[in-house]
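Hi everyone, thanks for coming. Please have a look at the picture on the screen, and then we'll walk through it together.

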Amino acid sequence: LIPGTEMEIAIGLETTDDIRRSISLNKGFSLRQFTQVANIIRKNNVHLRSYILLKPPFFSEKEAIVDSIRSIETAFSLGVRTVSLEAMTVQKYTLVEYLYNNNLYQMPWLWSIVEVIKRTAHLGKVIIGLFKFYPSPDSVPNNCHLCNHKVMNAIIEYNKTLRTDVFNQLHCKCKEDWKEVL
């Protein structure tokens, strides 16, 4: 499009499950439509980035992990060059805020983000969104107060290096609680 310049287009696929994308997110397009657009983008030598959402409303923690892994695998198989894993946050005046405030939604665990990355980083460039956007979220993914900082630092380091071994030394008793939730 512009000689000598690389271009990237980003599309929020969120999930490859058409029913859940429609009901949970009201996204307005199908995986088939995404595939058609991805083909057009690739044929024009433009790089495609896709956003995958971890734990939209109405997903359990385990379903969210499985869905994110499957969605990342599919995205790469469709020619996506970079995947950005974005974990759900709570924003004011949203359905998620209502569900969260009424104990009908639990924020994703940081352990879930780490798990998805460990199982997909070998497929291609997968980066992790860091919940730093405007407007600032009211609540973000977390573990316990003892390890949140350590896990977030490892996530930041992973984004710099794309090396999953930064997660190998992370241990906390809350990881057992996370496994129980799964």
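You'll find Lys 132 in the loop between strand 4 (125-128) and helix 6. Ser 22 is 110 residues away from Lys 132 along the chain, and their C-alpha atoms are separated by 26 Å.

A quick word on where this comes from. This is a predicted model, in which local features need pLDDT of at least 70 and side-chain atom pairs count only at pLDDT 80 or more, while totals for chains, interfaces and linings use all residues. Residues are numbered from 1 along each chain as its sequence is written, and side-chain values use heavy atoms, leaving out hydrogens and water.

Now the whole chain. There are 7 helices and 4 strands, taken as DSSP runs numbered from the N terminus: H or I of at least four residues for helices, E of at least two for strands. Reading from the N terminus, the order is β-α-α-β-α-β-α-α-β-α-α. A compact globule of 182 residues would have a radius of gyration near 16 Å, and the chain agrees with that because it has 17 Å; the radius is taken over C-alpha atoms, and the globule rule is 2.2 Å times the number of residues to the power 0.38. Of the 182 residues, 46% count as buried.

Next, helix 5. How many of its residues are buried? The number is 8 of 11, so helix 5 is mostly covered. Among the buried ones are Trp 111, Ser 112 and Thr 120. The cover includes strand 2 (47-54), helix 3 (61-77), strand 4 and helix 6.

Let's zoom in on that last partner. Helix 5 (residues 110-120) packs against helix 6 (residues 148-161) at an angle of about 30°, and their axes are 10 Å apart. That makes the two helices roughly parallel, a label for angles under 35 degrees. Which residues of helix 5 and helix 6 make the contact? From helix 5 come Leu 110, Trp 111, Ile 113, Val 114 and Ile 117, and from helix 6 come Asn 148, Val 151, Met 152, Ile 155 and Tyr 158; contact means heavy atoms within 4.5 Å. These residues divide into 9 nonpolar, 1 polar and no charged.

Technical notes:
Axes are lines fitted to C-alpha atoms, for helices over the stretch in contact, and angles run from 0 to 180 degrees between N-to-C directions. Angles under 35 degrees count as roughly parallel, over 145 as roughly antiparallel, 65 to 115 as roughly perpendicular and the rest as oblique. Ala, Val, Leu, Ile, Met, Phe, Trp, Tyr, Cys and Pro count as nonpolar, Asp, Glu, Lys and Arg as charged, and the others, Gly among them, as polar. Buried means under 20% relative accessible area, exposed over 50%, partly exposed in between (1.4 Å probe, protein chains only).
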